[in-house]
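This report walks through the aromatic pairs, the core, the disulfide and a surface patch. Take a look at the model before reading on.

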Amino acid sequence: MNARVISSTRYSAWCLGGLLVAVSGGMAVAETTDVSQEERERQAALTEVWEPVPEMVDAPDDGVPSDAVVLFDGENLDGWQSEQGGAAEWHVEDGAMTVSRGSGGIQTREEFCDVQLHVEWRAPADTAGYEGQDRGNSGIFLQQRYEVQVLDSWQNPTYPNGQAASIYKQYIPLVNASREPGEWQSYDIIYTAPQFDDSGSLTSPAYATVLHNGVLVQNHVEIQGTTEWIGAPEYEAHGCAPIFLQDHDADVSYRNIWVRPLDTASDSKS
């Protein structure tokens with residue numbers, strides 16, 4: 001073996017699986033030790049953690065995890081309501097729900113803090129007469145405030161911090177993983193909600209990780225505040241809140257929406 005040369009007046013020794021290796025003046029000397037297998041196992045056990053034991057979760061291929069909350073399964077809008085508080089007015093057909101233009105956005109009846117969110121969406125196949133922000137525009141708002149942009153970004157130039165999978169007006173996606181208009185696409189979002197102290201001051205910002213069609217496009221980015229079309233984002237104190245889908249006057253469809261509330265959500269956020 002090669003040993004790094006050290007001062008001839010200094011000595012170093014370490015144990016490798018019961019083999020004592022001593023280095024002196026650039027020379028390595030090996031000798032056996034009396035460390036038993038039982039002692040090695042005892043030392044190894046010092047760094048083993050046996051509790052808590054993770055809960056078993058059924059995770060079928062292309063399915064919904066067994067601990068997820070299904071927000072839309074293609075059947076009805078029972079888990080949703082209008083942003084004004086009445087019944088959700090989007091229409092459901094062939095396992096998907098589609099924006100009813102002019103009816104307003106819809107939001108979950110349940111409120112959430114930290115989540116893993118899966119959403120599948122589709123921009124209209126007919127793009128004639130539409131370009132930029134007018135092509136397949138919608139949005140997924142976490143806690144009603146922080147938008148992951150939905151847009152047809154297939155060969156459709158616009159400002160990059162407003163294209164598909166951007167944190168709208170805050171973060172450009174790392175790459176453009178968009179599919180052609182009319183094809184189904186997916187977002188998988190890991191979201192950590194902001195925290196505030198009793199006075200309403202921000203103590204920890206929100207963070208988001210986004211995979212677009214399985215491709216990482218937002219890597220644990222720090223959300224700067226509420227989504228704004230004009231002006232700078234800023235935070236205001238809030239608790240858990242619904243997930244909101246935007247009506248932006250485009251026939252965008254959604255399907256297979258589920259969410260896993262994460263254990264990191266604390267009582268202080270609710």
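Seven aromatic pairs turn up in a search of the whole structure. Rings of Phe, Tyr and Trp (its six-membered ring) pair if their centres lie within 6.5 Å; planes under 30 degrees apart count as stacked, over 60 as edge-to-face and the rest as tilted. This is a predicted model: local features need pLDDT of at least 70, side-chain atom pairs count only at pLDDT 80 or more, and totals for chains, interfaces and linings use all residues. Residues are numbered from 1 along each chain as its sequence is written, and side-chain values use heavy atoms, with hydrogens and water left out.

Two of the pairs are set out here.

| Pair | Centre to centre | Angle between planes | Type |
|---|---|---|---|
| Tryptophan 90 and tyrosine 254 | 6.1 Å | 20° | stacked |
| Phenylalanine 141 and phenylalanine 244 | 5.5 Å | 75° | edge-to-face |

Tryptophan 90 lies in the loop between strand S5 (80-82) and strand S6 (91-93), and tyrosine 254 in strand S18, so their pair ties together parts 164 residues apart in sequence. Strands (E, at least two residues) are DSSP runs, numbered from the N terminus. Phenylalanine 141 sits in strand S10 and phenylalanine 244 in strand S17, 103 residues apart. Tryptophan 90 and tyrosine 254 are both buried. So are phenylalanine 141 and phenylalanine 244. Buried means under 20% relative accessible area, exposed over 50%, partly exposed in between (1.4 Å probe, protein chains only). Elsewhere, Tyr146, Tyr191, Phe196 and Tyr235 form one aromatic cluster.

Next, the core. The largest nonpolar core has 43 residues. Such a core is a set of buried Ala, Val, Leu, Ile, Met, Phe, Trp, Tyr and Cys residues joined through side-chain atoms within 4.5 Å. Those with the most contacts inside it include Trp80, Met97 and Tyr254. S9 gives the largest share, four residues.

The structure holds one disulfide, a pair of cysteine sulfur atoms within 2.5 Å. Cysteine 113 and cysteine 240 form it, with their sulfur atoms 1.8 Å apart. The link is left-handed, at -100° about the S-S bond. Cysteine 113 lies in the loop between strand S8 (106-108) and strand S9 (115-122), and cysteine 240 in the loop between S16 and strand S17 (244-245), so the pair ties together parts 127 residues apart in sequence. Cysteine 113 counts as buried because its relative accessibility is 6%.

What about valine 215? Valine 215 is found in strand S16 (residues 215-222). At 34% relative accessibility, valine 215 counts as partly exposed.
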